[in-house]
Amino acid sequence: MRLKFITAEGETIEAEGEAGESLLRAAQRAGMRLEGTCEGQMACSTCHVIVAADWFERLGEASEEEEDMLDLAAGVRRTSRLSCQITLEDGLDGLEVEIPPESYDMRRV
């Protein structure tokens, strides 16, 4: 499925994702600056993304645990989510997310 990432610099990157995988994995494969320190275990907020408003309502609700992790993320907005908690599925073809400017990937140091 098609994915659209808006980088912190405003560049649009189009990528492909596989049904059943997390948005985090698809984003990392596309070279996005998302660390995902906890490897999708929802123990950090280093995979924070901002979902485009028109896509946000199409996602399932964030769990209380995810909301707690988002409280620790920098630059959180109303449509913020953890990309490790978004599973790509039918209906998300064309999903658009923004990588927050505060995002930093320590793997790239």
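Predicted model: local features only at pLDDT ≥ 70, side-chain atom pairs only at ≥ 80, totals over all residues.
## Starting with a cut-off

A residue is called buried here when its relative accessible area is under 20%.

Is Gly 36 buried or exposed? Its relative accessibility is 6%, so Gly 36 counts as buried.

Setting aside neighbours within four places in sequence, Gly 36 is in contact with Leu 24, Gln 28, Thr 46 and Cys 47. Arg 25 lies 11 residues away from Gly 36 along the chain, and the C-alpha atoms of these two are separated by 8.9 Å.

## The overall fold

Let's step back to the whole chain. The protein has three helices and five strands, and along the sequence they follow the pattern β-β-α-β-α-α-β-β. Among contacts between residues at least 6 apart in sequence, 65% join residues at least 24 apart.

The C-alpha trace spans about 30 × 30 × 20 Å along its principal axes. How does the radius of gyration fit in? A compact globule of 109 residues would have a value near 13 Å, and the 12 Å of this protein agrees with that.

In soluble globular proteins, nonpolar side chains tend to be buried together. In this protein, the largest nonpolar core has 27 residues, and the members that touch the most others are Phe 5, Leu 23, Val 51 and Leu 95. Two or more residues come from each of β1 (2-6), α1 (23-29), β3 (48-51), α2 (53-56), α3 (64-70) and β5 (95-98). Which element gives the most to this core? That is α1, with four residues.

Phe 5 deserves a look of its own. Not counting residues up to four places away in sequence, Phe 5 touches Glu 11, Thr 12, Ile 13, Ala 15, Leu 23, Ala 26, Ala 27, Ala 30, Met 32, Val 97 and Ile 99. Leu 23, one of these partners, is also among the core members with the most contacts to other members.

How much of the protein is buried? Of its 109 residues, 47% count as buried. The accessible surface comes to about 5,900 Å², and carbon and sulfur atoms account for 44% of it.

Note on methods. Residues numbered from 1 in each chain as written. Heavy atoms only, no water. Rg over C-alpha atoms; globule rule 2.2 N^0.38 Å. Buried < 20%, exposed > 50% of the residue type's maximum accessible area, 1.4 Å probe, protein only. Contact = heavy atoms within 4.5 Å. Areas by Shrake-Rupley, 256 points an atom, 1.4 Å probe, with all protein chains shown as cover. Core = buried A, V, L, I, M, F, W, Y, C linked by side-chain atoms within 4.5 Å.
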